[in-house]
Amino acid sequence: MTEKEILELLSQVRHPARGDSSVVELGMVNKVEINGDGVTVTLGFPKRRDPLAEYLIGATRAALIRGGVKDPKVETVVLEDAAPKKKGLEFDTECLRNVRHIIGVASGKGGVGKSTVAVNLACALARLGHKVGLADADVYGPSVPLMTGTEGAQPLAEEIDGRELIIPLEKYGVKWMSIGYFAERGQALIWRGPMASNALKQMILQVKWGELDFLLVDMPPGTGDIHISLLQEIPMEGALLVTTPQEVALADVEKGASMFRNKSINRPIFGLVENMAWFTPAEHPDEKYYIFGRDGGARMAEDLGIELLGRIPLVQGIRESGDAGEPAALGTRPDAQAFLDLAGKLAAKLG
Ligand SMILES: Nc1ncnc2c1ncn2[C@@H]1O[C@H](COP(=O)(O)OP(=O)(O)OP(=O)(O)O)[C@@H](O)[C@H]1O
Ligand SMILES: [Mg+2]
């Protein structure tokens, strides 16, 4: 491949906070090195803290891979310094200074309804009068934009005290942030481990959260490296674990619990949320069918020494409202009440 071809690929990489101009137009492509089959692109950032740096690194890599480059390397320099420093992107927890409680919403297993619980809990806490934010930490499968009807929104960046911060979106009285706002629809970003955790940290540590009572972090499924790295660098106070009531889910919840209780992490688990605790058909709102077993959540909570903080029914409306971007917790149905009860208990527990 020639440098010209590479630059053509890079002209597809747009900076969402700079009028959607490409990194080529913005003069950010500092260097293109072609070495046989290998391609290394160096992106130059005018500032140490471009809040979208990690996103742009991922998007550049993705554009090169789509263009047929195998395993391209993307490096960065900060141009502000007289002698450009490599990898000068730093994080600190300054933007979380006025956030009272930072709570991870996690589970050992995927698909149990973490994002559904996190989004609805955020709306329910806001309905109770709290100041709430939610960071979608699932860089591989962000679901907050869809679940809140904010797909396609483009958050702006703002320079505050010499550093650039991303302004979260506000809807339903909650501040939302997700890497989904920076990825084109349906276009998966291709992350390598450390990049994914950096992108993730930017979505939490370079956001103008302002004053919040609660910041919920919707964690990606599993208990891998990305989780450990997140827990080490984000001052999370503790966690909520989400599970379904089946016996087989116990092992996964245990894994989730031991991640937080692990010696090097050691954060409290504020509660277990039993999702899909029973099924209620829309046409018979008073009936409860315990299709995944009865009281599974209560047993797990007892086994693990965690308080059962909430029980959320399986109802078609929760899925439908999630898909429609209007969280069920905003409504008046009994399932909204389940989220409000959970929110009330959590707020009471944390004082
Ligand atoms: N209580 C519920 N009633 C009905 N549908 C639900 C309920 N909880 C979750 N769902 C649906 O189940 C699907 C998975 O939920 P969700 O995306 O919240 O899970 P998750 O644990 O965040 O998944 P992932 O591990 O992929 O992040 C979604 O389609 C959601 O609408
Ligand atoms: Mg999820």
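Biologist: Which residues of strand β2 make up its covered face, and which its uncovered one?

Modeller: This is a predicted model, where local features need pLDDT of at least 70, side-chain atom pairs count only at pLDDT 80 or more, and totals for chains, interfaces and linings use all residues. Residues are numbered from 1 along each chain as its sequence is written, and chains are lettered from A and ligands numbered from 1 in the order in which they are written. Strands (E, at least two residues) and helices (H or I, at least four) are DSSP runs, numbered from the N terminus. In β2 (residues 38–45), Val39, Val41, Leu43 and Phe45 form the covered face; Gly38, Thr40, Thr42 and Gly44 form the uncovered one.

Biologist: How many bridges join β2 to strand β3?

Modeller: Two strands pair if DSSP finds at least two bridges between them. Here β2 and β3 (residues 73–78) run parallel, joined by six bridges, and Gly44 stands opposite Val77. Strand β1 (residues 29–35) is antiparallel to β2, also with six bridges, and Val29 faces Leu43.

Biologist: Which residues of helix α6 are buried?

Modeller: A residue is buried if 20 or more other C-beta atoms lie within 10 Å of its own, exposed if 12 or fewer, and partly exposed in between, with C-beta atoms placed from the backbone. In α6 (residues 225–233), Ile226, His227, Leu230 and Leu231 are buried. They lie on the same side of α6 because they cover an arc of only 130 degrees around the axis, taken from the directions from the helix axis to the C-beta atoms. Exposed Asp225 and Gln232 are on the face turned away from the buried side.
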